[in-house]
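This report walks through one protein structure, topic by topic. Please keep the sequence and the 3D view open while reading.

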There are 2 protein chains.
Amino acid sequence: MHFKIKRLKLLNALSKATRAVSVRSPLPVLTGIKFDLKSDQLILTGSDSDITIQTIIDQDDDLEIIKEGAVVLNSRYIFDIVRKINSDDIEIEIIDGLLTRIKGSQIEYSLNGTDAVEYPRIDLSKTGTHFIMSSLVLKNIIGETKFAASDKETRPILTGINFKAHDHVLECVATDSYRLAKKIISIDEDVTFNITIPKLSLDEISKIIEVDESIELYVSDRKVLFVLGKNIIQTRLIDGSYPDTTRLIPLEFDYELDINRSDLLNAIDRVSLLLNEQNNIVKLDMSNEQVILSSYQQEIGSVEENLSTSFYKGEPLTISFSSKYANDAIKSFSGEKVKISFTGEMKPFIIKDFDSDELLQLVLPVRTY
Amino acid sequence: MHFKIKRLKLLNALSKATRAVSVRSPLPVLTGIKFDLKSDQLILTGSDSDITIQTIIDQDDDLEIIKEGAVVLNSRYIFDIVRKINSDDIEIEIIDGLLTRIKGSQIEYSLNGTDAVEYPRIDLSKTGTHFIMSSLVLKNIIGETKFAASDKETRPILTGINFKAHDHVLECVATDSYRLAKKIISIDEDVTFNITIPKLSLDEISKIIEVDESIELYVSDRKVLFVLGKNIIQTRLIDGSYPDTTRLIPLEFDYELDINRSDLLNAIDRVSLLLNEQNNIVKLDMSNEQVILSSYQQEIGSVEENLSTSFYKGEPLTISFSSKYANDAIKSFSGEKVKISFTGEMKPFIIKDFDSDELLQLVLPVRTY
């Protein structure tokens with residue numbers, strides 16, 4: 001293997017492929033990036049066996065292919081080298097067995113590589129249900145829902161985001177059973193599937209999306225493959241059927257609070273500053289006269305804020321909830337105002353953008369005494 | 001206690017006094033800030049018993065004193081409240097025993113305070129050898145030397161910076177016995193003392209210094225007091241006599257390397273990227289023909305960089321040293337070029353600014369096989 005390449009071109013590709021690599025992989029070869037130099041392209045692959053990211057650099061003025069070949073190089077070292085080396089062009093060559101030389105104008109690294117035949121064969125074939133969506137729409141869905149997915153492995157299915165497509169509609173749901181995020185969008189293709197993608201994989205995909213372009217998706221039973229420009233990302237799916245969450249979401253509401261989104265976020269921040277991880281409960285006291293957000297922390301003290309810019313409709317209502325869940329949910333919106341709808345003191349409440357129904361956040365209240 | 005104050009004025013004072021507070025203090029009252037409201041001023045005190053910081057706010061248009069009194073408020077909560085409260089003016093009042101109300105325009109906090117009589121009496125009298133220096137000169141001394149002081153409590157005296165004054169000269173030395181930093185400046189007063197100040201205290205003092213002003217120092221046997229505008233900072237000294245380090249510093253040199261400071265820092269960064277905390281040794285091979293910086297990491301690989309912009313004078317010399325120590329030492333200079341002087345492969349070498357002798361950094365080489 002022997003080639004010359006523009007540093008920034010290689011750095012950009014490595015920054016994507018290394019996203020899939022886990023430095024603590026039980027399989028040592030997976031702590032590396034596979035360099036596969038063909039006659040007309042360089043293929044970089046990173047994987048932690050849950051998620052695989054492959055990036056292709058075609059031969060052009062920025063890539064001069066001198067001799068084909070393949071090697072696996074430790075992802076951390078090769079990424080740091082290409083990031084820090086001080087020349088516009090880099091030459092990479094296997095000089096002796098697996099010893100690989102990475103050469104800049106004044107500096108020369110020698111890295112011990114691993115034989116590429118030890119790298120697992122990963123099937124990245126484009127099979128399964130095919131459809132296309134905008135990369136930024138997908139990135140938004142991930143950002144608007146993933147925080148509501150569970151961090152606990154006790155119910156693995158809840159650590160993913162559920163994507164359900166039918167009748168030109170895509171429903172995306174995440175829940176940890178204390179709160180739920182749901183985004184509904186329309187899609188061009190009439191495809192039908194119901195899959196749950198690990199949120200960690202979606203997180204990495206989200207970080208790779210930089211500009212608005214089309215993403216092709218290939219959905220099969222056990223995996224989904226994303227094609228994004230010169231990048232292929234494949235992730236396993238989570239086994240099992242996702243719980244039906246439609247019954248959880250109330251449809252009729254007796255109380256409604258309209259409020260400026262950033263005012264509410266700031267008030268939650270101020271009112272929760274005496275709280276801690278064990279107790280992060282805030283309380284809303286709402287009536288037509290005033291809306292008070294408050295909290296109380298044993299031994300430390302208490303705080304009350306008058307949400308004077310809010311508008312409340314309904315009988316007086318008092319409801320307590322996690323300030324963290326409320327904060328996560330409210331932050332996921334981008335509009336100026338949010339609408340919070342309640343059905344009772346101990347019933348889940350939902351948050352929506354004041355002008356749009358696409359995204360719904362649901363939070364379960366807690367009992368306080 | 002009852003007063004009204006401009007939020008930013010109180011925030012600025014609290015940001016200083018809280019620097020002395022350790023949240024893990026074994027004495028619970030020391031996790032608080034003492035508010036002492038007199039007829040004409042508000043005195044805020046924070047302390048961890050090693051270091052004490054007191055800030056005074058005089059009565060003026062920004063501070064309206066309604067009723068004198070005192071209370072100790074948890075430093076973390078009162079600082080966060082004053083930082084996040086959304087009004088220009090804050091009213092603070094003891095409303096019931098020690099319960100203290102902090103009031104903004106729409107928000108009201110109630111904090112359980114601690115009785116001020118429980119706060120230790122700390123003697124902040126201005127006694128001892130008195131002299132004056134520029135705050136920025138002190139800040140520079142701290143930044144240029146503290147990293148060389150020891151982190152280990154095995155020899156407590158080495159965890160401080162030694163300040164020795166005699167004949168209008170102030171010598172400041174820090175060493176962990178593997179490297180040494182020494183700054184010499186002239187001072188106006190003919191004072192004589194030899195004290196060692198904990199580097200953690202100096203770190204906090206350095207953070208409080210924002211503008212160039214005069215600092216008054218009062219040096220006694222067991223403590224030193226700094227007066228900086230409306231702030232008083234007092235720190236204990238470290239017991240014991242500081243080792244005599246003059247013999248360690250070579251006076252004659254057979255080899256000299258002159259090099260652009262940032263070029264050398266970047267080269268060290270690039271050459272040490274294959275290294276880790278256990279092995280951070282880099283090697284310099286110098287001759288009139290070329291100067292090579294290299295490193296080798298078992299199983300990982302190796303790297304060599306040609307320092308083509310350097311100028312070397314002397315017989316060929318090879319010397320190995322910690323990249324971290326070299327990096328810390330070189331970073332402490334601010335000039336464009338540094339001069340590194342050697343006396344032999346296993347002898348300490350020294351680094352100075354190319355144009356100035358005020359600051360000296362010494363590094364011990366290591367043996368490599």
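## The C-terminal span and the domains

In chain A, the end C-alpha atoms of residues 247-367 lie 22 Å apart, and the span is 17% helix and 44% strand; here helices (H or I, at least four residues) and strands (E, at least two) are DSSP runs, numbered from the N terminus. The UniProt annotation for residues 247-367 of chain A, from an unreviewed entry, reads "domain: DNA polymerase III beta sliding clamp C-terminal"; UniProt positions are given in the numbering used here, feature names are shortened, and annotations may be inferred rather than shown by experiment.

This is a predicted model, in which local features need pLDDT of at least 70 and side-chain atom pairs count only at pLDDT 80 or more, while totals for chains, interfaces and linings use all residues. Residues are numbered from 1 along each chain as its sequence is written, chains are lettered from A and ligands numbered from 1 in the order in which they are written, and side-chain values use heavy atoms, with hydrogens and water left out.

Chain A is divided into domain 1 (2-118), domain 2 (129-246) and domain 3 (249-363), with bounds that come from an automatic or database domain assignment. Between the C-alpha centres of domain 1 and domain 3 of chain A there are 50 Å.

## A nine-stranded sheet in chain A

Nine strands of chain A form an open, antiparallel sheet in the order β14-β11-β12-β13-β26-β25-β24-β18-β22, where two strands pair if DSSP finds at least two bridges between them. Its edge strands are β14 (193-198) and β22 (311-313) of chain A, each of which pairs on one side only. Within the sheet, seven bridges join β12 (residues 169-175) to the antiparallel β13 (residues 179-186) of chain A, and the bridge partner of Cys172(A) in β13(A) is Lys183(A).

## Helix α4 of chain A

Helix α4 (residues 199-208) of chain A lies across β11 (160-166) and β14 of chain A, running at about 80° to β14(A); axes are lines fitted to C-alpha atoms, for helices over the stretch in contact, and angles run from 0 to 180 degrees between N-to-C directions. Because eight of the ten residues of α4(A) are buried, the helix is largely enclosed by the rest of the structure; buried means under 20% relative accessible area, exposed over 50%, and partly exposed in between (1.4 Å probe, protein chains only). Among the buried residues of α4(A) are Leu202(A), Ile205(A) and Ile208(A).

## A buried aspartate

Asp36(A) has its place in strand β2 (residues 32-37) of chain A, and it counts as buried because its relative accessibility is 15%. Not counting residues up to four places away in sequence, Asp36(A) touches Gln41(A), Leu42(A), Ile43(A), Gly69(A) and Ala70(A), where contact means heavy atoms within 4.5 Å.

## An eight-stranded sheet in chain B

In chain B, eight strands form an open, antiparallel sheet in the order β6-β2-β3-β4-β17-β16-β15-β10. At its edges stand β6 (69-74) and β10 (129-134) of chain B, each with a single partner strand, so one side of each is left without a neighbour in the sheet. Six bridges join β2 (residues 32-37) of chain B to β6(B), the two running antiparallel, and in β6(B) the bridge partner of Leu37(B) is Gly69(B).

## How the two chains are related

Chain B can be laid on chain A with an RMSD of 0.0 Å by a turn of 180° and a shift of 0.0 Å along the axis, which is the relation of a two-fold axis; copies are superposed by least squares on the C-alpha atoms of residues with pLDDT of at least 70 in both. Because 100% of the interface residues of chain B are also interface residues in chain A, the copies meet through the same surface.
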